[in-house]
Amino acid sequence: MESLRIDNTGKLIVSGMQQANGILEISGAKNSVLPIMAACILTDEKIILRNVPDISDVNTMIEILESSGKTVNRVKDTLYIEKSEKINSEIPYEPVRKMRASFNVYGPLTVINKISKVALPGGCSLGARPVNFHIDGLMKLGIESKIEHGFVYGKIKPIEKSEVHISLDFPSVGATEHILTTATLIDGVKTIINNCAMEPEIDDLANFLNKMGANIEGIGTSKIIIHGVKKLHGIDYKVIPDRIEAGTFIIMGALIGKNLTIKNINAEHLESLFSKLDEMNIEYNLKGNEVKISSSLNKKLNATIIDTAPYPGFPTDLQSQMMVLCSLIDGRTTIKENIFSNRLSIIDELNRMGANIKAENNNLAIVDGVRFLSGAPVQATDLRSSAALLLAALVAEGETIINNVDHIFRGYEKIEEKLKNVGIKIEYYE
Ligand code: EPU
């Protein structure tokens with residue numbers, strides 16, 4: 001199992017039984033902008049990226065781009081990414097250890113510099129998270145990788161084939177993005193990725209690359225075809241809204257909303273969440289790109305079955321937040337985590353708050369609804385468990401102290417300010 005990569009820091013003190021009333025705006029998608037930033041290595045020209053959330057993962061990717069030889073300037077939610085004098089083929093351990101998505105620079109860097117040395121990635125503590133699909137796929141594109149002392153050394157050689165077939169054993173988001181991005185500049189070669197991931201963030205990345213001059217077909221399907229081109233150009237691009245931030249706040253609305261309006265969502269990307277809420281009898285009012293929601297906890301709600309799955313299935317990134325909601329619904333809900341082996345660690349923490357949840361076989365949570373949760377000191381272990389514990393704290397009776405909460409700043413932009421705008425007070429201590 002991967003060890004915790006984020007130092008044990010940050011504490012939130014949250015009074016319970018708060019209400020969310022007002023308007024909350026969703027930021028740009030973390031999981032789009034990170035691979036898109038990595039793809040910027042593929043051009044010397046200027047890239048302007050809009051709707052970029054101000055979160056620590058983006059800052060980590062800025063550090064990585066800077067160590068690759070880019071200059072990056074931020075003005076509000078816009079990044080200006082340009083080439084600097086220095087070209088570097090080595091990305092050191094320090095920024096890479098913080099975030100798994102940083103590994104997505106490896107392929108592009110090797111294509112551009114012919115050789116590269118990139119530290120093996122870290123990220124949330126989510127069980128074993130290998131990069132074998134990445135390495136195997138890139139090998140078919142001519143990139144030979146050698147792993148030594150925690151670094152991956154890459155070297156690219158021209159391939160003889162004009163058509164490359166890659167079939168992923170599992171539709172990995174990161175591997176699909178990494179191979180897709182790298183293949184765009186394997187000039188004259190047609191790459192076919194089968195059983196690839198279909199997450200909206202992959203469509204966003206592919207649309208970004210096509211706008212730069214790449215030739216990608218099959219966007220939004222499980223078979224993507226990339227016709228390698230010689231050169232990619234600078235562009236101006238706006239990132240899609242973050243469906244996981246939106247989903248987190250929608251679940252918060254179902255718990256403690258009072259006419260809470262969540263703006264700038266893409267409802268199509270949230271279909272699996274909305275259909276689950278329908279099944280549970282949770283009311284919301286969806287119109288275009290906004291949703292209004294109030295607490296449903298005073299109604300008769302239905303327990304359910306949640307199975308996380310690759311998109312369009314129910315996202316693992318909303319599993320912990322849903323567990324909080326289900327812990328307060330009469331009857332038995334079962335939640336099966338099928339993507340990451342270590343994403344049920346929140347169970348012990350929710351039980352400390354009075355929930356009644358049992359873990360089975362490391363990937364199944366059996367949630368028996370209780371009438372209320374009560375505040376307690378708890379410990380977050382990753383980004384989404386931090387968010388879920390915050391939701392639990394807001395609905396609980398009494399005060400909760402969430403330790404090790406700094407993970408939350410990796411993925412939720414200006415969370416204190418956004419919550420304050422809807423009448424919620426949380427206190428953060430470093
Ligand atoms: N896997 C392998 N070998 C590989 C790659 C993946 O065995 O080479 C396995 C993983 O161990 C895991 C499964 O495949 O069991 C899925 O991993 P995937 O590669 O799809 O995930 P990821 O690219 O590492 C992205 C998101 C995650 C999100 C997952 C699943 C980014 C930057 N990260 O991770 O987001 O949970 O897809 O949807 O896009 C988060 O935002 O909190 C987060 C963790």
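Domain bounds here come from an automatic or database domain assignment. With that in mind, I noted that the protein is divided into domain 1 (2-22 + 242-429) and domain 2 (32-231). I then looked up the distance between the centres of domain 1 and domain 2, taken over C-alpha atoms, and found 30 Å.

A reminder to myself: this is a predicted model, where local features need pLDDT of at least 70, side-chain atom pairs count only at pLDDT 80 or more, and totals for chains, interfaces and linings use all residues. Residues are numbered from 1 along each chain as its sequence is written, and side-chain values use heavy atoms, with hydrogens and water left out.

Next, the ligand. Where does the ligand lie relative to domain 1 and domain 2? Both domains give residues to the shell around the ligand, so it lies between them.

I counted as near any residue with a heavy atom within 4 Å of the molecule. On that basis, 23 residues surround the ligand, and the closest are Asn132, Ser172, Asp317, Ile339 and Arg384. By class, I found 11 nonpolar, 6 polar and 6 charged residues in the shell. (Ala, Val, Leu, Ile, Met, Phe, Trp, Tyr, Cys and Pro count as nonpolar, Asp, Glu, Lys and Arg as charged, and the others, Gly among them, as polar.)

Which helix gives the most to the shell? Helix 5 does, with 3 residues. (Helices are DSSP runs of H or I with at least four residues, strands are runs of E with at least two, and both are numbered from the N terminus.)

A backbone N or O atom of Ile339 is 2.6 Å from a ligand oxygen. For Asn31, a side-chain N or O atom is 3.1 Å from an oxygen of the ligand. Pro130 has a polar backbone atom 3.3 Å from a ligand oxygen.

Last, two backbone details. I found a cis peptide bond between Tyr311 and Pro312, with omega about 10°. Pro312 sits in the loop between strand 18 (305-307) and helix 10 (319-326). Asn259, in strand 15 (residues 257-263), has a positive phi of about 55° although it is not a glycine.

Definitions and conventions. Polar contact = N/O pair within 3.5 Å; in protein donor to acceptor, adjacent residues only side chain to side chain.
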